Amino acid sequence: MLETFLFGVFPYVATVVMVVGLIWRYTTNQFSYSTVSSQFLENRQLFWGSVPWHYGIILVLLAHLVGVVFPDGVQAVNGVPLRLYILEGTAFALSLTLLVGLIVLMLRRGISANVRVMTSPMDVVLLFVLLAQVVTGIITAVFYRWGSAWFIQTATPYFWSLFTLSPKVEYMTALPLLSKLHAINFFILVALFPFSRLVHMLSVPLAYLWRPYQIVMWHRRQTRDRVSGL
Amino acid sequence: MDVRAQLSMVFHLDKCIGCHTCSLACKNVWTSREGAEYMWWNNVETKPGTGYPTLWEDQTKYRGGWEMKGKSLRPRMGRRTGMLTNLFFNPFLPSMDDYYEPWTYQYGHLFTAPQADDQPTARAISKVTGKFMDVEAGPNWDDDMSGSSVYARNDINLSELTDAEREALFRLEQMMFFYIPRICNHCLNPGCVGVCPSGAIYKRAEDGIVLVSQEKCRGWRFCVSGCPYKKTYYNWQTGKSEKCILCYPRVETGQAPACFHTCVGRIRYMGVLLYDAERIEEVAKTPDAGLVEAQRSLILDPNDAKVIAAARKNGIGDDWIASAQKSPTYKFVKQWGIALPLHIEFRTLPMLFYVPPLLPMLASTQNGSYDLGNSDFFGNVEKFRVPMKYMARLFSAGNEEIIKNALKKLLAVRAHKQAQSVGNLSVEKASASLAEAGCNADEAEAIFRLTALPRFEDRFVLPPYHREEVIGLDIEPIKQMGQVGLGFNQPPRRGP
Ligand code: SF4
Ligand code: SF4
C-alpha cells in the first residue's frame with residue numbers, strides 16, 4: 001500500500017509540485033532566480049568542492065538519463081565485459097569525486113563564518129537530501145554490482161511506465177531497500193527543486209555560445225512596438 | 001554611419017581635492033543596503049597607488065577587458081566555451097578580501113556599558129557575520145599614501161619606470177600624488193556585457209548607459225572579472241551583480257547624477273557625444289598607440305550637416321542634437337583634445353574622460369629652500385616630477401605624445417592667463433607657448449572659462465528625456481502601484 005503510494009502516486013505529486021512551483025516562482029519572483037554563489041565570500045575551499053561536485057553530478061545524471069532514454073544502446077555497450085567494467089569503473093570514480101566535492105561543500109558551509117551566515121535553512125535541507133542521494137547511490141553500486149545492466153531492466157521500464165501514466169510499481173518493489181530509498185529521495189529532490197537554489201540549473205547559459213558579444217537595447221523602439229502592438 | 005548618442009563624462013583632475021563627497025553621495029543614494037555596503041560605484045583613489053579593489057589594473061590577475069587574438073577581439077577571460085567551463089568556479093574573481101570586509105561599530109555599547117575605570121569603546125562589527133572583527137582594509141585605505149611601500153610602490157603603472165626614476169618619484173621632498181575619482185565608464189565596447197553568460201547586461205542605445213537587468217542576472221559573476229575597471233560588483237546578499245547606473249532616474253528627470261551634483265571641486269562635466277556605432281569594433285582593434293586618436297575619430301561633429309541628417313534618421317531628436325552641440329564633453333575631448341580616457345588599452349572604449357593633472361614641477365631643496373630651478377614658474381612638461389611614461393600608461397595607452405600635448409596645452413592656458421592677469425610673464429612668451437601647444441588665445445580663453453568659471457548649466461548639459469511622455473507609454477499605474485525604487489513589484493530578496 002505504502003509502496004503503491006510512494007512509487008505510483010508520489011512521483012506525480014512531486015512533478016506537479018515542481019512544475020507549478022517553478023512557474024509560480026518564475027512569474028512572481030524572477031529576481032530570486034540566481035546561483036546565489038558564495039565564491040565572493042570564500043574562494044579557496046570552494047574550488048575543491050564546487051568543481052568536482054558539479055562536473056561529477058552532471059556526468060552521473062547524464063548517465064542515468066542515457067539509461068532511461070537509450071536502454072538499447074547501453075545494453076549494446078555492456079555486451080562486452082571489458083566495456084561494462086570500464087563504464088562501471090568510470091561511473092564509480094565519478095560518484096566518488098562528486099561525493100568528495102559535496103562533503104567539501106558541506107564542511108565549507110560550516111567552517112567559513114561568512115558562508116555560514118549566508119546559508120539558508122533550505123540550503124541545509126538540500127545538502128542533506130543530496131548527501132542521502134549520493135550515499136544511497138554509491139552503496140547500491142558497491143553491493144549490487146553492474147547497476148548499468150540491471151538499471152535498464154528495472155528503472156528504465158518503471159520510468160517509461162510513469163511517462164505513459166500507467167505506473168508499474170512492481171518494478172520498484174522488487175528492488176532492494178537502498179535502491180528504493182534512492183528513488184524516493186530522487187522524487188523528494190524533484191519536489192524541492194522550485195523552492196531551493198537548484199533552480200539555477202534552469203539557467204545554464206548555453207545561449208551565450210552563439211549570441212553576439214554586445215547587447216544594445218532601444219527603449220524607444222521597444223516602447224513603440226509595445227504600444228503599436230496594443 | 002550609424003549615429004548614436006552617449007551621455008558622456010569628463011573629470012578635470014587638477015580640480016579634484018580628494019574629499020570623497022562624490023563617493024558618499026552615491027553611497028547614500030544607492031548602495032547603503034545589505035550586500036552592497038562594500039560597493040563604491042563611485043570611488044576616489046590616490047595615484048600612484050594600488051586602488052580599489054587592490055590592483056584592479058592588473059589584468060593578468062583579473063582578466064578584464066579585451067585582447068586581440070589574431071585578427072579578432074576577444075574577452076581576456078577567454079573563449080566562450082572555455083569561459084563556460086569555469087562556470088562553477090571563476091578563477092579570476094576578486095573576493096571580498098580584495099575589496100574589504102564591510103563593518104560598523106558597536107555604538108550601543110557606549111550607552112549601555114556598565115560603570116568602570118575605563119571608557120567604553122565601540123568595537124568594529126562585521127556587516128557580514130555580525131561578529132567582532134579587526135579592520136584590516138577599507139575603502140581608501142591608501143588615501144594620500146604616496147611613497148608607501150605597500151600601496152604606491154606596487155602601482156603597476158610604474159612597471160616601465162627605471163629604478164632610479166622610481167626612487168626619485170618617492171623621495172620625500174619630491175613626493176607627489178593625485179586623485180582619480182572613478183565610476184563606471186559606460187563603455188562603447190563594454191567588457192561586462194561581452195562576458196555576461198545570461199545576457200543580462202545591456203547598453204541603452206538612446207543614451208549609452210550600461211545596466212544590469214536584475215531580473216535576468218543569474219549571479220554567474222563573470223562581469224565582475226570581465227570589467228577591467230572592476231566597476232561591476234557582486235551583491236553577496238541578493239546573489240545578483242550590480243553596477244553604477246549613472247543615476248538614470250535622476251538624469252531622466254533633468255538632474256545631474258548624485259556624484260556629479262555634489263562634487264565639491266566642481267571637477268565634473270556631463271554632456272552628449274554623438275558617435276558612429278558602425279566603427280566601434282574597428283576602433284577597438286586599433287594598436288595601442290593609436291587607440292586614443294581612433295576613439296576620438298569615432299566621436300562625430302554635432303554641427304556637421306551629414307552627421308545631423310544621419311542622427312535624425314536614427315531617431316535622435318533635434319533637442320538631443322542641440323544638446324550635443326552645446327556639450328562640454330565634446331569640447332574637452334574632441335575640440336580641445338585635453339580630456340583622455342583611462343586605460344584605453346583595455347579596449348572597452350570608455351566614455352568617461354579625464355583632464356590629466358598638471359603635477360608639481362621638478363624641484364629640489366639643495367640650497368635649503370624650495371627651488372623650482374627655472375624661470376618660467378610653471379615650467380614645462382619635461383620637468384614634471386612624475387615621468388611622462390607613468391602618465392601615458394594611465395591616460396594614453398603608452399603614447400607619450402598624446403599626454404604631452406594635452407599637458408602642454410594646459411600649461412599654455414595657464415601661461416596665457418598669467419601673462420594677462422598677473423603680468424609677470426611677457427605676452428610674447430605666453431603666445432609662444434600657446435603656439436607651441438597648437439592653441440590660440442580664443443581657445444585658451446574658452447578652456448579657462450569652462451575650467452575655472454563654469455556655471456552649473458555649463459558643466460551639466462543634460463539632454464531632455466521627455467520622461468513625462470515616455471512614462472505614460474511605459475508604466476501601468478495600477479500594476480506598478482506600491483513598487484519600490486527601481487521597478488520591483490516586491491522587495492528584492494535573496495531566493496530560498
Ligand atoms: S566600466 Fe562600466 S561599461 Fe565599462 S566594462 Fe566596466 S562596468 Fe562595463
Ligand atoms: S567630490 Fe569632486 S572634488 Fe571631491 S573627491 Fe569627488 S570628484 Fe574629487
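Glu165(B) is partly exposed, with a relative accessible area of 26%. Select this residue to begin the tour, and keep in mind that the model is predicted.

**Stop 1**

Glu165(B) and Lys389(B) form a salt bridge, and their closest N and O atoms are 3.5 Å apart. Glu165(B) sits in helix H5 (residues 163–169) of chain B and Lys389(B) in helix H15 (residues 388–395), so the pair ties together parts that are 224 residues apart in sequence.

Next, select Glu252(B) and Arg204(B), a salt bridge with its closest N and O atoms 2.9 Å apart. This pair links distant parts of the chain, 48 residues apart: Glu252(B) is in the loop between H8 and H9, and Arg204(B) is in strand S8 (residues 201–204) of chain B. Are the partners buried or exposed? Glu252(B) counts as buried at 11% relative accessibility, and Arg204(B) counts as buried at 13%.

Move on to Glu443(B) and Lys409(B), whose side chains meet in a salt bridge at 2.7 Å, N to O. Because Glu443(B) lies in helix H18 (residues 441–452) of chain B and Lys409(B) in helix H16 (residues 400–421), the pair ties together parts 34 residues apart in sequence. Glu443(B) is buried, with a relative accessible area of 17%, and Lys409(B) is buried at 7%. Over in chain A, salt bridges that share partners join Arg109(A), Asp123(A) and Arg197(A) into one network. Over all chains, the structure holds 28 salt bridges.

**Stop 2**

Select residues 352–355 of chain B, strand S15, which is covered on both faces. Leu352(B) and Tyr354(B) are buried on one side, Phe353(B) and Val355(B) on the other. Strand S1 (residues 3–12) pairs with S15(B) in the parallel sense over four bridges, and Met9(B) stands opposite Leu352(B). Strand S14 (residues 340–341) runs antiparallel to S15(B), joined by two bridges; there Pro341(B) faces Phe353(B).

**Stop 3**

Helix H1 (residues 21–31) of chain B has several buried residues, including Cys22(B), Cys26(B) and Trp30(B). The buried residues of H1(B) pack against S2, H8, H9 and S12 of chain B.

Then show ligand 2. Which residues come nearest? Of the 14 around ligand 2, they are Cys16(B), Cys19(B), His20(B), Cys22(B) and Cys263(B). The shell divides into nine nonpolar, four polar and one charged.

**Last stop: the interface**

Finally, colour by chain. The contact takes 67 residues from chain B and 56 from chain A. About 5400 Å² is buried between the two chains, with carbon and sulfur atoms giving 58%. The count of salt bridges between chain B and chain A is zero.

Definitions and conventions: Residues are numbered from 1 along each chain as its sequence is written. Chains are lettered from A and ligands numbered from 1 in the order in which they are written. This is a predicted model: local features need pLDDT of at least 70, side-chain atom pairs count only at pLDDT 80 or more; totals for chains, interfaces and linings use all residues. Side-chain values use heavy atoms; hydrogens and water are left out. A residue is near a molecule or strand if one of its heavy atoms lies within 4 Å of it. Ala, Val, Leu, Ile, Met, Phe, Trp, Tyr, Cys and Pro count as nonpolar, Asp, Glu, Lys and Arg as charged, and the others, Gly among them, as polar. Buried means under 20% relative accessible area, exposed over 50%, partly exposed in between (1.4 Å probe, protein chains only). Two strands pair if DSSP finds at least two bridges between them. Contact means heavy atoms within 4.5 Å. Buried area is the accessible area (1.4 Å probe) that two parts lose on being put together, summed over both. A salt bridge is a side-chain nitrogen of Lys or Arg within 4 Å of a carboxyl oxygen of Asp or Glu.
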